[in-house]
Amino acid sequence: MPAKLLIADDSTAIQKVFERTFPPEEFTLSFANNGEEALTKARTEKPQVIIADINMPAKSGFELCEALKQEPALKNIPVLLLIGILDDFDEDESRRVGADGF
């Protein structure tokens with residue numbers, strides 16, 4: 001059975017990279033264009049892993065992670081934060097919101 005991944009990123013180019021990187025026979029990918037949409041999809045789809053861009057509209061990856069970790073039904077889903085090459089990244093904030101990696 002393929003692993004369910006939720007990719008939260010407002011960049012269609014990044015979404016295409018994920019589609020080309022993860023083979024469909026091993027992974028079922030779902031995409032959200034902003035943090036609010038990702039939170040809604042996480043509630044309904046219960047993915048096994050969430051990968052969230054730190055810079056998105058509606059909720060940043062940090063805000064999304066914090067919201068996920070506060071919901072009992074979602075708090076155990078691993079959240080990996082996606083960082084762009086030019087992004088300023090705050091590791092302390094990552095730990096504070098409960099991210100599982102970056």
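Author: Buried means under 20% relative accessible area, exposed means over 50%, and partly exposed lies in between. The model discussed here is predicted.

Reader: Where does E37 fall, buried or exposed or in between?

Author: E37 has a relative accessible area of 28%, so E37 is partly exposed. Its salt-bridge partner is K41, with the closest N and O atoms 3.8 Å apart. K41 is partly exposed too, at 21%. Both residues belong to helix α2 (residues 35-45) and sit four residues apart, about one turn of the helix.

Reader: How many salt bridges does the structure hold?

Author: A salt bridge needs a side-chain nitrogen of Lys or Arg within 4 Å of a carboxyl oxygen of Asp or Glu. The structure holds nine. One of them joins R43 to E71, at 2.5 Å from N to O.

Reader: Which parts does the pair of R43 and E71 tie together?

Author: R43 is in helix α2, while E71 is in the loop between α3 (61-70) and β4 (79-82), so the pair ties together parts 28 residues apart in sequence. R43 is partly exposed at 39%, and E71 is partly exposed at 21%.

Reader: Which residues are linked with E93 in a network of salt bridges?

Author: The network links E66, E93 and R96. Within it, the side chains of R96 and E93 meet at 2.9 Å, N to O. These two lie in helix α4 (residues 91-96), three residues apart, about one turn of the helix.

Reader: How many aromatic pairs does a search of the whole structure find?

Author: The search finds two. F18 and F22 are stacked, 5.7 Å centre to centre, with 10° between the planes. F22 and F27 are edge-to-face, 4.8 Å centre to centre, with 80° between the planes.

Reader: Is F18 buried or exposed?

Author: F18 has 11% relative accessibility, so F18 counts as buried. F22, at 22%, counts as partly exposed, and F27 is partly exposed at 23%.

Reader: Which residues are in contact with T28, leaving aside its neighbours within four places in sequence?

Author: They are P2, A3, K4 and L5. T28 itself is in strand β2 (residues 27-32).

Technical notes: Residues are numbered from 1 along each chain as its sequence is written. This is a predicted model: local features need pLDDT of at least 70, side-chain atom pairs count only at pLDDT 80 or more; totals for chains, interfaces and linings use all residues. Side-chain values use heavy atoms; hydrogens and water are left out. Contact means heavy atoms within 4.5 Å. Rings of Phe, Tyr and Trp (its six-membered ring) pair if their centres lie within 6.5 Å; planes under 30 degrees apart count as stacked, over 60 as edge-to-face and the rest as tilted. Buried means under 20% relative accessible area, exposed over 50%, partly exposed in between (1.4 Å probe, protein chains only).
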